[in-house]
There are 2 protein chains.
Amino acid sequence: MAKRLKLAKENSERSPRKRATSYDVAELAGVSQSAVSRVFQDGASASKDMRDRVLSAANKLGYRPNAIARGLITQRSNMVAVVISRQTNLYYPEVLVQLTQRFSEHGIRVLLFTLDHERDIDGVLEQVLQYQVDGVVTAAILSEAQLETIENASIPVIFYNRTLPERLVNSVRCDQEEGERWLVGQLVAAGHKTFAIVSGPEDSSVSMERTRGALQKLKELNIKDVLIVNGDYGYASGRAAFAEIQQKMKTLPDAVIAANDVMAIGCVDEARETNYLRVPEDISIVGFDGVGPARYAAYDLSTVRQPVGRMSEAAVSMLIERIENPGLSPEKRVFSGDRILGGSAILADGEK
Amino acid sequence: MAKRLKLAKENSERSPRKRATSYDVAELAGVSQSAVSRVFQDGASASKDMRDRVLSAANKLGYRPNAIARGLITQRSNMVAVVISRQTNLYYPEVLVQLTQRFSEHGIRVLLFTLDHERDIDGVLEQVLQYQVDGVVTAAILSEAQLETIENASIPVIFYNRTLPERLVNSVRCDQEEGERWLVGQLVAAGHKTFAIVSGPEDSSVSMERTRGALQKLKELNIKDVLIVNGDYGYASGRAAFAEIQQKMKTLPDAVIAANDVMAIGCVDEARETNYLRVPEDISIVGFDGVGPARYAAYDLSTVRQPVGRMSEAAVSMLIERIENPGLSPEKRVFSGDRILGGSAILADGEK
């Protein structure tokens, strides 16, 4: 027992885990603790000599002003939670990087939460709250009850690419329906008469909006008997979906509308490789998102690009406004996607 | 003035920013503050009646035990910093998601730091330290001085896909050189005699290791006059690099070795579209990483896949071990990549 204690002591001496405090720095520098605080506080006054002594002592002790402790005093943690679901949708990582960089320009750090599926949100919600973040950007949908829990904790929330239509919430979205309506309008105007839709995961509200937008426009244009098959946003599921379409329809449709680019790429490959079809001569295929691979020459998708830069900028500024001014009324911002005429589909405007 | 005060008061009543404390909960529940603590502490005892009263009061007040404050007491923040550079290398987002999910299984949250370039690390380092994280996983290289600063703060560091060869550091890497040596060996054994290399960004240590590995093996096999051109890991730079190779060499090489898959895809498209070359019949092209698009049928790259799952698992367990036991000696783990025989290159093993 004595030996174990001794070992523990040696260990702790070898690797000092205790962090230096402002008092330790004050003692070594021969100044008061409040002088140390002043040196590390933006805009507070301290003489050059004082500053030099404190910084030298702080450096020697490995002392850093504790952003977290400061947060406890100011009631601000300077951290926000970003919740993303781990879908195979390639554009989310880009969103994440954009959000992180923009928040960091405001001195705010991103605490990252990932979900396997949007429906797993309950498990992370409690964690989000325990870390006392100043705000939340969520790319997963919340229920009324979940939103209420966060609001009770006075934490502002921005929905990213989602919204609760009948509720006062802040949201930043790409106009999924408008984008799909444009694609369908273009395809029909170019003479396509039969359609199939490859929708995304069932718990993805984005996929639901896209499919609804496409269906609605097709209906308005008197296109009937549209086959809908399901994918999971991934490449393999796009290939499988195309095979399923072929199996279920007597003749292949004139056009396939995929709920994202990656599944559209899967459809293109399955059409070419397994069925020796030419894209777009034999069949038109369109996607959504505008991810990097959509621009690879082998695919050159006709698609709608989400304006990720503008959307993340809006999410960051809306959240910061609401952290600083909690009384601000809710706002929903909807961005139109960029329309891209690629070589994967024959579109009316592309023929001009 | 009186009116403004009144408005401010109303605002603050409407949106109470002050968070409820354990004392507020204790008062409402009619119990002691230590009873509240016990209810929220894992494994501590509390009667069912006590628990119900406390939880009901906590819910009413929107109270959550403060993970951050708890961290100040335990000297653990239960947060780790993950530093990634914002390169166009597609596999980083996957690494990030994997790390975040594995840390969260241990109750540890990821505070995310992104860099535009690896050399920007200085700016974020101070921030990393101020947030008093328990540890750091960095996919950006640190200088000796930077590493020393972190170590002085008693924060363990794991280098991801990087290392400092002459220093006692913890690192998890894919064996870049071994992977390139295998690719070169396969290409030469299949009869390729002339080569060009598309390397990545100049500040990427991963790209340097890959290029070095390829060059070394080519030299050992008596292949001379290897042209090296530079890209930035992005698709467009791969296309530009292929055009540059064509311009600089009198005849095209038998094989192009790209430092990552995305540039290899750019090379394939440039070879096909601009030069009407067949891949691999006219020219072999290989990549590295094993990202999703490398498996798209139009490219089907011969490449080496980084075992991201095993590497991130190793990084997480190594960091947690060192947080819990700071005296642990350093360890460098090197994982071999998975060798993928694709259709983009004629390789010796592919001909068997």
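This is a predicted model: local features need pLDDT of at least 70, side-chain atom pairs count only at pLDDT 80 or more; totals for chains, interfaces and linings use all residues.

Modeller: Two packed helices are described by the angle between their axes and the distance between the axes. For helix 2 (residues 22–29) and helix 4 (residues 48–61) of chain B, the axes come within 9 Å and cross at roughly 120°. Angles from 65 to 115 degrees count as roughly perpendicular and those over 145 as roughly antiparallel, and the two helices of chain B are therefore described as oblique to each other. On the side of helix 2 of chain B, the contact is made by B:Asp24, B:Val25, B:Leu28 and B:Ala29, while helix 4 of chain B brings B:Arg53, B:Val54, B:Ala57, B:Ala58, B:Lys60 and B:Leu61.

The axes of helix 2 (residues 22–29) and helix 4 (residues 48–61) of chain A come within 9 Å and cross at roughly 120°, which makes helix 2 of chain A oblique to helix 4 of chain A. Their crossing is right-handed, and the residues that make the contact are A:Asp24, A:Val25, A:Leu28 and A:Ala29 from helix 2 of chain A, with A:Arg53, A:Val54, A:Ala57, A:Ala58, A:Lys60 and A:Leu61 from helix 4 of chain A. Here again the count for chain A is seven nonpolar, no polar and three charged.

Stepping back to chain A as a whole, its secondary structure comes to 13 helices and twelve strands, and 55% of its 352 residues count as buried. If we take the contacts in chain A with a separation of 6 or more, 70% of them are accounted for by residues 24 or more positions apart.

Two further helices of chain A show what burial looks like along a helix. Helix 11 (residues 235–248) of chain A has 14 residues, which at 1.5 Å a residue should span 20 Å, and because its end C-alpha atoms are 20 Å apart, the model agrees with that expectation. Its buried residues are A:Tyr235, A:Ser237, A:Gly238, A:Arg239, A:Ala241, A:Phe242 and A:Ile245, and these pack against strand 6 (195–199), strand 7 (227–230), strand 8 (255–258), helix 12 (261–273) and strand 9 (284–286) of chain A. Helix 13 (residues 308–324) of chain A, with 17 residues, reaches 24 Å from its first C-alpha to its last, close to the 24 Å expected, and among its buried residues are A:Val308, A:Met311, A:Ala315, A:Leu319 and A:Ile323.

The loops deserve a careful look as well. Most residues other than glycine have a negative phi, and most peptide bonds are trans. The peptide bond from A:Val279 to A:Pro280, however, is cis, with omega near 10°, and A:Pro280 lies in the loop between helix 12 and strand 9 of chain A. In chain B, the bond from B:Val279 to B:Pro280 is cis, with omega near 10°, and B:Pro280 is found in the loop between helix 12 (261–273) and strand 9 (284–286) of chain B. As for phi, A:Asn161 has a positive value, near 65°, in the loop between strand 4 (157–160) and strand 5 (170–174) of chain A, and because its relative accessibility is 0%, A:Asn161 counts as buried. B:Asp225 also has a positive phi, near 55°, and sits in the loop between helix 10 (205–220) and strand 7 of chain B, but at 74% relative accessibility B:Asp225 counts as exposed.

Finally, B:Gly231 belongs to the loop between strand 7 (227–230) and helix 11 (235–248) of chain B, and it counts as buried because its relative accessibility is 12%. Apart from its neighbours within four places in sequence, B:Gly231 is in contact with B:Val198, B:Ser199, B:Gly200, B:Pro201, B:Ser237 and B:Met263.

Definitions and conventions:
Residues are numbered from 1 along each chain as its sequence is written. Chains are lettered from A and ligands numbered from 1 in the order in which they are written. Side-chain values use heavy atoms; hydrogens and water are left out. Axes are lines fitted to C-alpha atoms, for helices over the stretch in contact, and angles run from 0 to 180 degrees between N-to-C directions. Helices (H or I, at least four residues) and strands (E, at least two) are DSSP runs, numbered from the N terminus. Angles under 35 degrees count as roughly parallel, over 145 as roughly antiparallel, 65 to 115 as roughly perpendicular and the rest as oblique. Contact means heavy atoms within 4.5 Å. The expected span of a helix is 1.5 Å times one less than its number of residues. Buried means under 20% relative accessible area, exposed over 50%, partly exposed in between (1.4 Å probe, protein chains only). A crossing is left-handed if the near helix is turned anticlockwise from the far one by less than a right angle, and right-handed if clockwise. Ala, Val, Leu, Ile, Met, Phe, Trp, Tyr, Cys and Pro count as nonpolar, Asp, Glu, Lys and Arg as charged, and the others, Gly among them, as polar.
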